[in-house]
Protein chains: 2
Amino acid sequence: MKLSERQEEIIRLVKKGQPVTSEALAEKLGVTRAALRADLAILTMIGVLDARPKVGYVYLGEAQNTRILENISRVLAGEIMSKPVTVTEETTVYDAIVFLFLNDVGTLFIENNGILVGAVSRKDFLKNAIGGTDIHKVPVGVIMTRMPNIVCGSTEDSAYDLAKKIIEHEIDSIPIVEKIGDGLNERPQFKIVGKISKTNITKLFVKLGEGN
Amino acid sequence: MKLSERQEEIIRLVKKGQPVTSEALAEKLGVTRAALRADLAILTMIGVLDARPKVGYVYLGEAQNTRILENISRVLAGEIMSKPVTVTEETTVYDAIVFLFLNDVGTLFIENNGILVGAVSRKDFLKNAIGGTDIHKVPVGVIMTRMPNIVCGSTEDSAYDLAKKIIEHEIDSIPIVEKIGDGLNERPQFKIVGKISKTNITKLFVKLGEGN
């Protein structure tokens with residue numbers, strides 16, 4: 001693991017004037033406190049700095065063995081995915097919302113003869129519920145995000161890479177799919193086998209610290 | 001870090017018959033594959049097992065230095081929290097939903113003279129939008145979850161402990177608060193200064209693996 005230039009600079013500043021508050025660090029580096037947060041978090045996790053509440057950051061020592069961090073990207077999506085909840089395109093928006101609540105999930109996936117054709121999030125439903133859509137008549141197929149405009153993953157992707165995609169694309173979950181047929185002459189088709197959401201990633205993060 | 005009995009049993013089984021698929025492990029242990037996922041993920045992350053796609057698990061060696069995992073719980077909520085988005089109790093449900101979309105957040109917090117009095121999630125809004133509530137007339141104060149029935153945290157809680165609370169209570173986010181006044185003779189009151197959501201935890205997880 002290589003530290004960034006800014007992380008090295010933070011270490012120098014803390015070594016020199018410890019304890020140093022994050023406000024003081026932000027001022028010295030000419031950035032906002034928010035911009036520093038991620039760097040301070042990573043330096044704390046690798047054991048270089050310690051955050052003392054109401055005091056500031058102190059220097060602890062050289063970065064510890066970071067092989068564990070490298071292993072994080074070895075956990076596969078297939079190991080931690082949840083079951084997807086699916087409905088068909090013809091389901092009314094109202095019935096789909098009820099199904100969403102009954103299954104207590106944040107996203108419904110839409111299947112057509114076993115093929116993933118779309119996705120609808122709680123946010124999409126809310127937008128339509130207040131936007132004048134006749135939710136008792138309009139089928140969910142009308143309001144869904146349609147394939148291929150859905151970010152998908154496979155069971156063999158790392159959970160880490162999918163977490164990155166969730167953050168980059170600002171989405172709540174990613175369907176885990178398997179390709180169907182040879183797809184030589186047609187648009188590729190996919191079967192949904194699972195999903196990875198921020199909940200799965202948060203659970204994995206909690207697992208990481210267990211037993212300590 | 002201490003491994004659980006089941007994790008030790010998994011290691012024994014993999015050592016004996018590697019490569020071993022998770023299906024085979026689940027069968028031998030008499031549990032579902034889903035029940036094994038978390039154990040397999042943790043054993044992969046600490047470098048004991050390797051998950052080979054389409055092959056199965058193989059044994060790599062003794063658990064590596066797990067001090068990094070212990071450090072995870074040293075990252076404080078104050079280091080990674082986001083800004084909370086707040087409205088007052090009198091805001092109509094409709095206006096609050098519009099505000100939710102404009103700020104692109106999942107939860108609104110309700111303030112009364114600078115005091116946190118409630119919270120409303122996207123799920124609460126959706127329930128009311130389809131449930132016959134006159135969203136143009138009813139104020140958000142009527143549908144919100146009211147203090148003290150909200151799980152709160154402080155800037156000095158570890159992000160790890162709050163992630164655990166998010167999973168245990170099945171909530172999306174936790175307001176980060178500061179106590180106001182001495183609270184000797186009255187019900188304690190809190191000012192909201194931030195929030196920690198599954199998004200913050202997912203971002204922290206992504207940070208963990210950066211630079212590798």
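**View 1. The loop of chain A that holds A:Glu170.** A:Glu170 sits in the loop that runs between α9 (159–168) and β7 (173–180) of chain A, where helices (H or I, at least four residues) and strands (E, at least two) are DSSP runs numbered from the N terminus. Although A:Glu170 is not a glycine, its phi is positive, at about 50 degrees. Most residues other than glycine have a negative phi, and most peptide bonds are trans. This is a predicted model, in which local features need pLDDT of at least 70 and side-chain atom pairs count only at pLDDT 80 or more, while totals for chains, interfaces and linings use all residues. Residues are numbered from 1 along each chain as its sequence is written, chains are lettered from A and ligands numbered from 1 in the order in which they are written, and side-chain values use heavy atoms, with hydrogens and water left out.

View 2. In chain A, the peptide bond that joins A:Gln18 and A:Pro19 is cis, with omega about -5 degrees, and A:Pro19 belongs to the loop between α1 (5–17) and α2 (22–29) of chain A. In chain B, the bond from B:Gln18 to B:Pro19 is cis with omega near -5 degrees, and B:Pro19 lies in the loop between α1 (5–17) and α2 (22–29) of chain B.

**View 3. The contact between chain B and chain A.** Each side is listed separately: 68 residues of chain B and 68 residues of chain A take part in the contact, which means heavy atoms within 4.5 Å. Together the two chains bury about 6800 Å², of which 66% is on carbon and sulfur atoms; buried area is the accessible area (1.4 Å probe) that two parts lose on being put together, summed over both. On the side of chain B, the residues that lose the most area to chain A are B:Met45, B:Leu126 and B:Phe205, together 11% of what that side buries. Because 100% of the interface residues of chain B are also interface residues in chain A, the copies meet through the same surface.

**View 4. Salt bridges across the two chains.** A salt bridge is a side-chain nitrogen of Lys or Arg within 4 Å of a carboxyl oxygen of Asp or Glu, and a search of the whole structure finds 20 of them over all chains. Between chain B and chain A the count is six salt bridges. One of the pairs is A:Asp104 with B:Lys123, whose closest N and O atoms are 2.6 Å apart. A:Asp104 lies in the loop between α6 (93–103) and β4 (107–112) of chain A and B:Lys123 in helix α7 of chain B, so this pair joins two chains. In another salt bridge, the side chains of B:Lys54 and A:Glu156 meet at 4.0 Å, N to O.
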